[in-house]
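Hi everyone, thanks for coming along. I'd like to walk you through one structure this morning, so let me put it on the screen.

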Amino acid sequence: MSCNNSLLLSEDDIRTKVVYQWLKDCGFSTADIWIEYSINIRIGKGIKTINSRADVLVKSTNGLNLLIVEVKRPDHPLDEQDKKQALSYARSLAEGGIAPFTILTNGNNVIIYDSVTGYEISGETVPVNHPYVKNGFCVSGDSLSAKAEALEYLISISPENLLTFCKAQVEYRMALLKGDDVFSGKKYIPKLHVKRLNARKELDKKLLGDDENKPNQFVLVVGSPQHGKTCFMCNTIESYIKKEIPALFYPAISLKKGLLNEIQEDFEWFFGNQISPFQIISKLRRITQQTGKEIIIFIDGWNEMLEHALVINDECQRLKYDNIKLVLSTTSPSVSRLLQDEAANITFVAEELKLNSAAIQKLTSLPLENTKDLSIVQIGEFNNDELRKGKKLHERAYNTKFTADSNVFNNPFYLRLAAEVYANKLVPSFATRTLLLKMGLIRKAAMKGIKEIDLFTTLNEIANITI
């Protein structure tokens, strides 16, 4: 396979006029040859198309990948970077398995590689006695490590590829919280979400910085229980991803073995081999440095961790690098146990948030009045504009109507609870928080086949035990 340099062929000319014709002469049919093949990679249990294309992929008649051909211009000297790119394409294919052989050519020179080992195969043809050929073009050796190396390379060469990984990770981790059915019990229903514009503006300023403010590496989203912190976190992450800001998401209730172990699990799903927490941090640093992007890790509901909650402080300290940021959310009553150790010493995260002991103690019961110099964002009840928008969204989704203004509905939890309880009806003016809670419990118990008398008998028994 060669071309006349005097023809000044382009890369596309070599691909279509030289390589394609050569493959046809070798006996491959049109159906076997795929030009500019979009690379699909496996992320967790799904398959995603990334922003990378192989010049030529050749498949067998039964769908197995046979070889990748990476084409360069005639005046381009083939180098190590070209080899790495071509091998990464061959190793990372999600469907049809690793392509056993990789060919790199500029039309004048042809180099054939073993795709798994990366070793050059001498000559311009694959020996008929090569182990892969004798094994029906199935690869052997440490293919998992080869694939992991290729996937890391593909993520790191393109910010778009890094975003593809982040999107898949966020979709997977958010699935427990996000839903479309308003009666599903999921916390985050996008069509019900009321954007907290002031809080979001403050988070952007403190996390990303602006002309007057330097960005912070750690930000705490805090507020009373059931005030919409989870929805705020989920909506912010989705917004950042749309703006091409890489982000990862972890509900803290799933961090049974700590943050680094869960990040490790995500990377093992993606890269397909076992890696240590140290290797994870190294990978994150390399990927963000090579793409020129920061990555933001969101941890929602820190207070829901029954064990290892304080371990998050140590893990955050290990993740303290310029291109890695963390946003944590928690309820205000929990901040003292999360930001102070058993001896009442403030933790690493508290120091990063610029919170002292006095501020931590006050924050457990009351919002702080001046947070300009603190790396925290407070989520409170709806303001008038947010309440108005929230009512409209809930009325439309539940086919209900709020007949009167009430401070009860300034709380996002009670607004949704009222809409659920009075779906297809009017929400009466006498609806109180106590009444809504009672009716909500009765409704959920009925869905489980539990009678009202059994429900309240059990609750009374639990109350007596607790007292």
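Let's start at alanine 423: is it buried or exposed? Alanine 423 counts as buried, at 15% relative accessibility, where buried means under 20% relative accessible area, exposed over 50% and partly exposed in between, with a 1.4 Å probe and protein chains only. You'll find alanine 423 in the loop between α15 and β13 (426–427); helices here are DSSP runs of H or I with at least four residues, strands are runs of E with at least two, and both are numbered from the N terminus. Leaving aside neighbours within four places in sequence, alanine 423 is in contact with Phe183, Tyr398 and Asn399, contact meaning heavy atoms within 4.5 Å.

Some housekeeping before we go on. This is a predicted model, so local features need pLDDT of at least 70 and side-chain atom pairs count only at pLDDT 80 or more, while totals for chains, interfaces and linings use all residues. Residues are numbered from 1 along each chain as its sequence is written, and side-chain values use heavy atoms, with hydrogens and water left out.

Back to α15, residues 412–421. Here arginine 416 forms a salt bridge with glutamate 420, with the closest N and O atoms 3.3 Å apart; the rule is a side-chain nitrogen of Lys or Arg within 4 Å of a carboxyl oxygen of Asp or Glu. The two residues are four apart in the helix, so about one helical turn separates them. In general, an α-helix has 3.6 residues a turn, so residues three or four places apart point the same way. Arginine 416 is buried at 14% relative accessible area, and glutamate 420 is buried at 11%.

Now for the nonpolar cores, meaning sets of buried Ala, Val, Leu, Ile, Met, Phe, Trp, Tyr and Cys residues joined through side-chain atoms within 4.5 Å. The largest has 69 residues, and Leu259, Ile297, Trp302, Leu326 and Leu339 have the most contacts inside it. Helix α7 (residues 229–242) gives the largest share of this core, seven residues. Apart from it lies another core, of 21 residues, including Val194, Val408, Leu417 and Val427. Going back to tryptophan 302, the residues it touches beyond four places in sequence include Leu220, Ala252, Leu339 and Val349.

Last stop, α1: the buried residues of this helix are Asp13, Ile14, Arg15, Val18, Val19 and Leu23. After α1 comes glycine 27, with a positive phi near 105°. Thanks, and I'm happy to take questions.
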